[in-house]
Structure formats: C-alpha cells, structure tokens
Amino acid sequence: MMIELQDALRKKEIWAIGGGKGGIGKSLITGNIGICLARLKQKVLLVDADLGGANLHTTLGIGVPETTLSDFLNRHTENIQDVIINTSIPNLSLISGAQDFLDAANPNFAQKTRLLRHLETLDADFILLDLGAGTSYNIIDFFLFSDHGILVVLPEPTAIENAYRFIKSAFYRRFKKVVTHQGIKDLIDAAMDQKNTMGVRTPFDLIERVKQMEKEVGEILELEVLKFRPKLIVNQVRTKNDIQIGFSMKSACQKYFGINLEYLGYVEYDDCVWQSIRSKRPLAIEYPYSRPSRCIERIVNNLLRKEQFTLSMLY
Amino acid sequence: MIKKIEDLNFYELLEISPQATSQEIHKAYERIRRVYDPNSIALYSLFTSEETAAIHQRIEEAYRTLVYEDNRKKYDAMLRSRNELPEAPPPPSPAPKFQPRSIQISPTARQEDHYADSGAGAMPQTAQRPEQGEISPVSPFVAEFTGPVIKLLREQRGLSVRDIAEMTKVSVRYLEFIEEENFKKLPARAYIRGFLMLYAKALGYDIERMSSDYLKRYDAATGFPFSLRKKPEG
C-alpha cells in the first residue's frame with residue numbers, strides 16, 4: 001500500500017488548512033498530516049501562515065524559532081530557503097510563523113504574492129499551509145491559492161457557523177476575482193452582507209441577479225461554483241452523530257451553495273491529544289497507535305487517493 | 001448547471017438515482033429527514049427556520065410521491081415530459097420469474113411458496129415483483145405497526161414471506177403468525193421481539209418502533225404482565 005501511495009503523486013501539491021474559528025485544531029491537524037506524509041517518504045514543508053498567532057512549531061515540539069516568515073516578508077532575507085527550519089523528523093521542514101511585528105499579521109498584496117511565488121519554486125512534494133482563524137482576505141487568499149483547501153470544523157454550532165462563513169467568503173472572493181465589471185463586483189460585495197436589501201440570500205440568488213446584468217458572466221460564475229471543491233475534516237468527534245455532521249454539512253452545502261464539499265474524514269476526541277500538546281510532543285510521534293492518529297492517517301490516505309469518506313466506511 | 005433547492009426534482013432532493021429501489025428511497029428519506037431536522041446543528045446559520053420547514057415539507061412530499069409505484073410512474077412521466085429524466089428503460093422480459101419448488105424443504109412450507117429462479121440466496125428485487133391484486137396503499141406514516149399493516153408494507157415492497165424468511169432467517173411459519181397476529185402459536189415474547197427487529201430491518205423501518213408497537217398489541221391480547229404474575233409459585 002505504501003508503494004502504491006508513493007507512486008500516486010510525484011507532483012508538488014499545496015494544501016491549505018483553515019476553518020474560520022480559532023482553537024479547532026488546525027495547527028494540530030496540519031502538523032500531524034505533515035508527519036504522516038513525511039513517513040510516506042514525501043518531502044514535506046509546513047508553512048505557518050497564521051501570521052497573527054503562530055504556533056505550528058509548538059505542535060511539532062520545536063521551541064520558538066530564530067528565523068520566521070516575517071524575516072522573509074520584511075525582506076531581512078531575500079532567499080526563502082533561509083527561513084526554512086529542519087525538524088527532527090526526516091523529510092519534514094518548517095517555516096515558522098511571524099512572532100514579532102504587528103504589521104506582519106497583515107502582509108500587503110505584494111508581500112503575499114512574493115511569498116506564494118517563492119513557495120512554488122521550492123523543492124518539496126507537499127507544502128501545507130496552516131491558516132489562521134478568521135475570514136480576512138489574507139487567509140482566504142491562501143486558501144484559494146492552494147490545490148486543496150481543507151476546512152476543519154468541530155461538531156459545535158459556533159465552529160459550524162464560522163465554517164459556513166468561511167466558505168461563503170472564499171466563494172465570493174473567488175467570484176470577485178473572475179469578474180471585471182465594477183457593477184457586478186459591487187453586487188458581490190453587497191451580497192456578502194446577509195441582511196442586504198436586494199433580496200440576495202443565497203449564491204443562487206446572486207448568480208441569477210448577475211445573469212440578468214450580464215448573461216456570460218453569470219455562466220462563468222456557475223462554472224466557478226462547480227470548480228470550487230473545498231474539503232472537510234470534523235475534529236473532536238465523540239459520537240456517531242458527530243461523524244454524521246460531516247455528511248449533513250456536505251448535503252447542506254450542496255443544497256444551499258450548490259458547491260461540492262468533500263468529506264475527508266473525522267478525528268476522534270481523545271485525551272491523548274491534550275496530553276501530547278501538554279508534553280509538547282507531536283501526537284503522531286507520542287501516540288502513533290492512538291485513535292486520533294489513526295483517523296489522521298485515514299484522512300491522509302483519502303487525500304492522496306482523491307477519495308472521500310463515505311457512509312459505507314462508517315458501518 | 002446548478003439548481004436552487006426549490007428546483008431540485010425529488011430524486012435530486014433525496015440524493016438518489018432515478019432507478020433507486022423502494023428500499024433505497026426509504027433509506028434516503030430517513031437520512032435526508034435527519035439532515036434537515038430543525039434541530040440539526042449542521043444547518044446552523046445557513047437556513048432560517050421557515051426555510052427548514054419548507055425543505056422538510058418538500059422531503060415529505062418527495063417521499064410520498066416516490067414510495068408509491070403509481071405516483072412515482074406519474075411523476076417520472078412528468079419529469080420525462082420536461083426532459084429531466086432519460087427515456088424509460090425497456091420493461092423486463094416477461095419470462096417466468098418464479099418456479100414451483102420441486103422439493104419440500106420444511107414441512108411447514110405451503111404449496112404456494114416459491115423459490116425465485118435467480119439463484120438461492122439472491123436478494124429479491126422489487127423490479128421482479130409479480131402482479132398483485134388491488135392493495136390499498138398504507139400511509140407511509142403508519143399509526144401503528146399491527147400484523148396486517150406489516151403484511152401490507154411487505155407486499156408494497158413486492159416481497160413474499162419467503163423473501164423475508166431468507167433475509168431474516170426467521171421461519172416462514174413464524175413470520176406468518178406475526179402477520180396474522182396469531183399470538184397463541186408464537187413463541188415466548190423475547191423471541192417475538194427478536195423476530196420483529198429482524199423483520200423491521202428487512203423492510204427498512206424503525207426497528208424500535210415496529211417491535212414496540214407490535215408488542216403492545218401482543219401484551220394487550222395476552223395480558224402479558226398478568227400471565228407472569230398469575231403463574232402459581234412452587
């Protein structure tokens with residue numbers, strides 16, 4: 001199986017892990033997916049793109065690093081290689097998030113494109129971006145730029161609300177990038193406000209309205225809807241009903257946004273996750289046979305095979 | 001082409017193929033109904049309570065339409081006229097589907113019990129359902145699972161008692177007693193409960209509800225808790 005998986009992919013892929021809400025396990029999942037991939041003999045680079053509250057290094061058991069992404073963003077160094085830290089895990093390296101500048105939390109457009117351009121030149125099989133909480137443009141842009149945008153959600157209303165807000169923001173941001181007509185851009189901005197006065201409640205309403213303005217643009221947006229396929233991980237699952245939430249969200253997304261949310265899998269709730277964080281040792285190293293570790297392995301498997309978690313896997 | 005939720009046809013709404021069997025329809029209905037339950041947190045912040053109620057109503061409508069063969073045929077024809085459904089596949093060849101059994105397996109089996117020629121152990125298919133007399137459809141929201149209701153539900157799915165016996169491994173005789181509510185000939189209550197659970201599963205109904213409904217009738221008819229107490233002590 002290992003060999004099969006190794007052969008499955010030779011091209012560099014960029015995965016972004018986000019989710020809107022803070023404290024839902026984005027960094028933990030990113031770090032451990034990275035370790036899983038590194039074990040499959042893939043060259044993995046983790047990038048802590050949580051520019052305001054970086055702590056991906058902690059989930060990997062690395063102390064506060066000397067060089068961080070901010071050194072690169074503020075042009076203390078021109079070469080992105082200089083900010084890459086090797087970890088104790090073979091094949092796994094890290095670019096730690098900015099620690100210092102308040103400014104660094106809001107890189108401008110030029111800084112972002114420079115970062116993304118440099119990331120693309122790096123020698124790695126997988127680059128994983130750990131995104132911060134919230135739905136600011138910085139975060140959404142990284143999400144949209146990646147090959148696979150992965151959303152983490154907890155089986156709780158707060159996290160689910162933020163996940164939908166995240167999807168909506170990403171979705172409308174994507175729309176805005178493909179249209180040039182200022183009137184339509186304004187319409188999309190207005191539609192972001194749930195209480196807008198134009199009666200645009202769902203993306204379907206928006207597309208209909210755009211079609212009335214310019215038919216072709218509306219059709220392009222429809223195509224964008226089909227191309228946008230975010231992925232979902234449900235973290236801290238305690239019951240079978242919690243697992244079902246992933247399927248329910250998939251169905252609701254299809255019916256509300258018209259987009260195909262791919263359910264990658266879930267991670268079970270277990271005290272060993274908390275213990276591993278307390279001991280500052282990565283979960284996949286400290287408790288490799290624990291249920292959460294197994295769940296993450298299964299998610300990596302689904303990602304590599306481009307498969308989804310299905311109901312039949314549940315029973 | 002993406003569609004608004006109001007524009008989805010019943011198959012799309014229940015997320016099934018237009019070729020789905022009645023059992024698949026039922027399963028999908030149960031699943032979707034749970035997804036769009038007003039208390040489902042997966043919908044949180046997406047739909048208003050009025051929207052959820054409207055979706056719920058449409059799901060019920062979809063189920064009631066698709067679960068009855070006649071209604072479904074009419075609905076399919078309507079979809080075809082709107083070009084939303086490909087042409088109907090040719091009807092299955094009218095070759096004899098059931099053959100009389102040559103050997104008696106159990107002394108309880110009756111003359112009219114037949115084996116399907118599709119091979120032993122093969123799951124019965126609803127498409128092969130033999131023509132039946134007039135059966136008035138039962139409401140999908142069964143008030144109570146009585147013996148005759150269970151029988152009707154089974155016949156609606158085009159399944160014979162023998163089919164159920166093969167699926168559940170409960171003998172034909174007991175299944176018939178259950179349907180006839182022949183309580184005296186049925187074994188002890190605990191066994192009946194087990195049989196009912198298997199039967200409910202085979203039909204795709206709520207296991208707990210079907211068995212508890214039925215056992216309530218059983219208890220009423222046999223005076224179940226009484227008969228235990230009346231037993232003379234040694």
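In this predicted model, I150(A) stands opposite K231(A), a residue of strand β7(A). The two strands concerned, β6 (residues 148-153) and β7 (residues 231-237) of chain A, pair in the parallel sense over four bridges. Both belong to an open sheet of eight strands in chain A.

- From one strand to the next, the twist averages 25 degrees.

**The contact between chain A and chain B**

- Chain B contributes 13 residues to the contact, and chain A contributes 15 residues.
- On the side of chain B that touches chain A, nine residues are nonpolar, two are polar and two are charged.

**The two domains of chain B**

- Chain B is divided into domain 1, which covers residues 5-81, and domain 2, which covers residues 136-234.
- The centres of domain 1 and domain 2 of chain B, taken over C-alpha atoms, are separated by 29 Å.
- Eight residues from domain 1 of chain B and four residues from domain 2 of chain B take part in the contact between these domains.
- On the side of domain 1 of chain B that touches domain 2 of chain B, α2 (22-35) and α3 (49-67) of chain B each supply at least two residues.
- The largest share of that side of domain 1 of chain B, four residues, comes from α2(B).
- By class, the residues on that side of domain 1 of chain B are three nonpolar, three polar and two charged.

**A pair of helices in chain B**

- Helix α5 (residues 147-156) and helix α7 (residues 172-180) of chain B have axes that come within 6 Å and cross at roughly 120 degrees.
- The residues that make the contact are G147(B), I150(B) and K151(B) from α5(B), together with I178(B), E179(B) and E180(B) from α7(B).
- Sorted by class, the contact of α5(B) with α7(B) has two nonpolar residues, one polar residue and three charged residues.

Methods: Residues are numbered from 1 along each chain as its sequence is written. Chains are lettered from A and ligands numbered from 1 in the order in which they are written. This is a predicted model: local features need pLDDT of at least 70, side-chain atom pairs count only at pLDDT 80 or more; totals for chains, interfaces and linings use all residues. Axes are lines fitted to C-alpha atoms, for helices over the stretch in contact, and angles run from 0 to 180 degrees between N-to-C directions. Two residues are in contact if their C-beta atoms, placed from the backbone, lie within 7 Å. Ala, Val, Leu, Ile, Met, Phe, Trp, Tyr, Cys and Pro count as nonpolar, Asp, Glu, Lys and Arg as charged, and the others, Gly among them, as polar. Two strands pair if DSSP finds at least two bridges between them. Domain bounds come from an automatic or database domain assignment.
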